[in-house]
Amino acid sequence: MERLLVRGACPHDCPDTCGLVTEVQDGEAVSIRGDPANPVTGGWLCAKVRPYLHHVYHPDRLLYPLRRVGPKGSGQWQRIGWEEAIAEIAARWKAIIAESGPEAILPYFYSGTLGLVQMTVSSARLWNRLGTSRMERTICCAAAFMAIRATLGQCWSPPYSDVVHSKLVLIWGHNPVSTAPHFMPFLRQAQHAGCHVVVIDPHRTPTAAGADWHLAPRPGTDGALAMGLAHVLVAEGMHEPTWLEEHTVGWPLLRERLADYPPQRTAKITGVPEEDILRLARLYGTRRPALIKIADGINRNRNGGQNVRAICALPALIGQYGVRGGGLAYSTGDYGKWDSEAINHWRECPPPGRSVNMNRLGAALLGEVHNPPLRALYVFAANPVASTPNSARIIQGLLRPDLFTVVHELFLTDTADYADIVLPATSQLEQTDLHKGYGTTLLTYNSPALAPRGECKSNWEVMGLLATALGLQEPWLHQSADEVIEEVLHTSPALRGITLARLKAEGAVPIPLDEATPFANGRFPTPSGKVELYSQKLADQGIDPLPGRFRDDEDDGGWSASGGVSAATTAPARLPSEEALHLLTPAAHHFVSSSLANQAGLLKNAGTPFVEIHPDDAARRGIRNGDNVLVYNGRGECRLRAVLTEATRPGVVISPKGRWAKLAGGANVNWTTSDALADMAGQSTFHSNRVWLRRLD
Ligand SMILES: Nc1nc2c(c(=O)[nH]1)N[C@H]1C(S)=C(S)[C@@H](COP(=O)(O)OP(=O)(O)OC[C@H]3O[C@@H](n4cnc5c(=O)[nH]c(N)nc54)[C@H](O)[C@@H]3O)O[C@H]1N2
Ligand SMILES: Nc1nc2c(c(=O)[nH]1)N[C@H]1C(S)=C(S)[C@@H](COP(=O)(O)OP(=O)(O)OC[C@H]3O[C@@H](n4cnc5c(=O)[nH]c(N)nc54)[C@H](O)[C@@H]3O)O[C@H]1N2
Ligand code: SF4
Ligand SMILES: [Mo]
């Protein structure tokens with residue numbers, strides 16, 4: 001009997017990027033566990049990925065290409081061969097390119113895998129070479145990235161383990177118990193050593209429950225809260241004027257704006273009592289090192305960018321950037337950057353195609369994008385019907401008889417249901433890749449542990465087949481996965497000294513960093529070399545160069561959206577806005593977006609799809625604990641079980657993202673979410689969402 005241990009990397013959209021060790025016997029995976037040699041993974045996997053072999057060997061895995069035979073969305077398929085599938089796609093695309101140009105084709109992808117080969121390069125090279133429309137990757141963290149880069153120059157973050165040096169941690173709009181579990185042991189260690197942990201989140205999450213103090217502001221008001229804290233810091237002389245003078249740009253201007261945020265007014269905007277604002281400011285002004293750890297919850301609303309900008313000002317006010325255990329932790333995404341030319345090969349491609357914002361997929365398919373209209377869609381590593389806002393419009397777009405849709409997937413997802421051709425994808429255990437964590441500073445190689453199941457192929461293999469069928473000979477469209485990795489390592493100055501051989505031998509390899517603590521040398525990679533509280537770069541783009549002025553965050557519930565398509569069939573007519581509730585749809589504990597949300601064991605643990613509602617809000621609507629409720633607005637509706645709890649603020653209801661619509665009565669929360677864009681970077685605004693609730697009999 002042959003027994004092998006194969007090292008890999010978790011491909012999911014999770015900052016931890018765990019190392020995996022798969023035990024393989026006679027070609028079958030028999031166990032999987034966390035790599036004990038990976039310093040972040042520490043030998044354990046989260047609850048979602050521990051049963052990963054059920055995912056790999058799931059009876060519903062797609063194993064062969066399929067062609068639609070019934071009407072779109074009818075679920076009638078015919079098995080076809082790869083040659084036939086690829087020939088048909090190439091023929092359709094060639095005709096579309098000849099008639100309408102390559103921009104009539106849109107690739108749509110996001111976070112099924114975060115690998116260099118199977119995501120980054122697979123979403124670039126072939127599409128660049130063809131000159132198709134480009135997808136703006138804005139569903140998740142675009143506003144936060146733009147805000148942080150504008151302020152600090154780069155998205156750099158300290159390692160998780162540095163939190164043991166913190167004396168105060170503000171976890172702000174982030175739920176690491178679910179979304180960055182390997183941060184938690186370090187946080188607990190810090191708490192044992194006397195670190196004070198404050199969670200700022202409208203929801204009493206498991207992370208909040210384990211903190212010393214939980215503050216629950218109104219959703220979307222974090223920027224005002226940050227301005228209010230800054231106001232108190234200055235009013236009480238707890239700021240660091242010398243540091244501000246030496247290391248920042250725009251402090252006098254920002255200081256003027258703080259006048260708008262005295263505690264009383266801040267309390268009114270945020271719903272946080274005045275005395276709590278004072279207490280938090282005093283805590284932040286006096287307990288150091290003080291770390292602010294944010295994630296993406298706070299950037300998915302209409303003021304997402306400016307909210308993050310305002311929070312970024314706080315560590316500057318008290319001189320905490322560059323201090324071990326202090327500063328800001330968000331993403332390590334800008335460390336160890338891949339060389340862009342190696343990823344894209346732009347120099348050998350036609351001029352880049354136009355951009356299409358991924359959050360506007362439904363609108364784009366329904367005519368917002370024209371000249372030429374979108375005629376072909378190629379979806380891979382994404383499940384937009386379940387995970388992209390305003391799902392009913394997306395489905396309406398996908399039902400267009402003249403749209404040619406290909407979906408490359410492991411499963412027949414809510415999106416694959418509307419494809420013309422479905423292609424079967426390999427799982428992480430069946431493919432080669434390289435992963436750079438966005439919460440860690442490690443590079444982890446993923447060796448394939450198993451032969452592909454059925455006729456599954458990886459994203460990059462399919463790109464090669466399509467290139468051949470389209471007559472594209474460039475060698476960089478036909479490299480093996482290892483050749484892609486070698487090219488990128490070789491050309492990326494930030495990854496000096498890291499070779500494929502080393503990655504294969506060592507598992508997780510640290511990215512070389514100039515400083516152990518970001519900004520320790522006091523220089524910031526902005527145009528001025530300082531923290532840009534005032535950002536000329538933003539001003540040049542027509543964006544307010546200072547934080548502190550926020551848009552009206554009122555979502556109208558989609559009732560009056562121009563061209564709005566409501567799927568709300570059983571809902572009563574529009575209700576008064578006083579009865580609207582603010583719906584937040586954060587991460588589910590047991591799934592990663594909609595990935596893994598078809599695993600029986602995880603579904604059992606997650607329970608019936610639910611919405612948390614404050615008992616006062618429930619009473620006013622005659623809703624009792626356990627009732628089935630209709631959650632609806634002008635965009636659409638879904639059915640959820642009511643959970644009455646004081647874990648949410650009055651006026652705010654909470655239901656996790658990620659459910660497969662077809663396993664949840666035909667719709668999930670994204671039937672209600674808005675496809676309006678935020679104040680920066682075309683960011684999604686999932687959390688600026690007003691809904692109405694009604695008890696179902
Ligand atoms: N288990 C699990 N892990 C995941 C994912 C998953 O789906 N499940 N998704 C992955 C992905 S794609 C991402 S981007 C990350 C996201 O990681 P996080 O950002 O940590 O996850 P979220 O749950 O989306 O948002 C965090 C918190 O923000 C809160 N929040 C929402 N709006 C506001 C607001 O206006 N102000 C404040 N202060 N808080 C607010 C929510 O209540 C939530 O508790 O997690 C990754 N990890
Ligand atoms: N309401 C609400 N919705 C949200 C959010 C929210 O906060 N609220 N958060 C948003 C965020 S942060 C994100 S990042 C997006 C994520 O949205 P998506 O990127 O669409 O992620 P998933 O829904 O997990 O879908 C990924 C799909 O990729 C498939 N897949 C996995 N690996 C591979 C592979 O190697 N090849 C191919 N071809 N397919 C693969 C999986 O089977 C899965 O169906 O969701 C967003 N949706
Ligand atoms: S989802 Fe995150 S915590 Fe879970 S195994 Fe993957 S990287 Fe680790
Ligand atoms: Mo995300």
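Tutor: The second largest cavity holds about 80 Å³ of space. A cavity here is a set of points, on a 1 Å grid over the protein atoms alone, where a 1.4 Å probe fits but cannot get out, and lining residues have an atom within 4 Å of a point. Grid points are joined across faces, edges and corners, and the volume is the space filled by probe spheres set on the points. The model is predicted, so local features need pLDDT of at least 70 and side-chain atom pairs count only at pLDDT 80 or more, while totals for chains, interfaces and linings use all residues. Residues are numbered from 1 along each chain as its sequence is written, chains are lettered from A and ligands numbered from 1 in the order in which they are written, and side-chain values use heavy atoms, with hydrogens and water left out.

The lining of this second largest cavity includes Cys10, Cys14, Cys18 and Cys46, along with His12 and His182. Asp16, Leu45, Lys48, Val49 and Pro181 also line it. By class, that lining has seven nonpolar, two polar and two charged residues. Ala, Val, Leu, Ile, Met, Phe, Trp, Tyr, Cys and Pro count as nonpolar, Asp, Glu, Lys and Arg as charged, and the others, Gly among them, as polar.

Ligand 3 sits in this cavity, in the sense that more than half of its atoms lie within 2 Å of the cavity's grid points. Among the residues around ligand 3 are Cys10, Cys14, Cys18, Cys46 and Thr17. A residue is counted as near if one of its heavy atoms lies within 4 Å. The shell around ligand 3 divides into seven nonpolar, two polar and two charged residues.

The structure holds three cavities of 30 Å³ or more.

Ligand 1 has 32 residues around it, with His174, Asp201, Gly220, Asp222 and Phe591 coming nearest. Asp201 has a side-chain N or O atom 2.6 Å from an oxygen atom of ligand 1, a polar contact being a pair of N or O atoms within 3.5 Å. On the backbone side, an N or O atom of Phe591 lies 2.5 Å from a nitrogen atom of the ligand, and a polar atom of His589 is 3.3 Å from a nitrogen atom of ligand 1. Taken alone, ligand 1 exposes 900 Å², and the protein buries 98% of that; accessible areas come from the Shrake-Rupley method with a 1.4 Å probe. Domain 3 (143-330) and domain 4 (559-695) each give at least three residues to the shell around ligand 1, with domain bounds taken from an automatic or database domain assignment.

Ligand 2 has 31 residues around it, and Ser387, Glu409, Ser594, Ser595 and Asn670 come nearest. The side chain of Ser387 places an N or O atom 2.6 Å from an oxygen atom of ligand 2, and a polar side-chain atom of Asn670 lies 2.8 Å from a nitrogen atom of ligand 2. The protein covers 96% of the 920 Å² of accessible area that ligand 2 has on its own. Ligand 2 lies between domain 2 (66-137 + 338-510) and domain 4 (559-695), because both give residues to its shell.

Key:
Polar contact = N/O pair within 3.5 Å; in protein donor to acceptor, adjacent residues only side chain to side chain. 1 Å grid on protein atoms, 1.4 Å probe; cavity = no way out; pocket = protein on both sides within 12 Å on 5 of 7 lines; lining within 4 Å.
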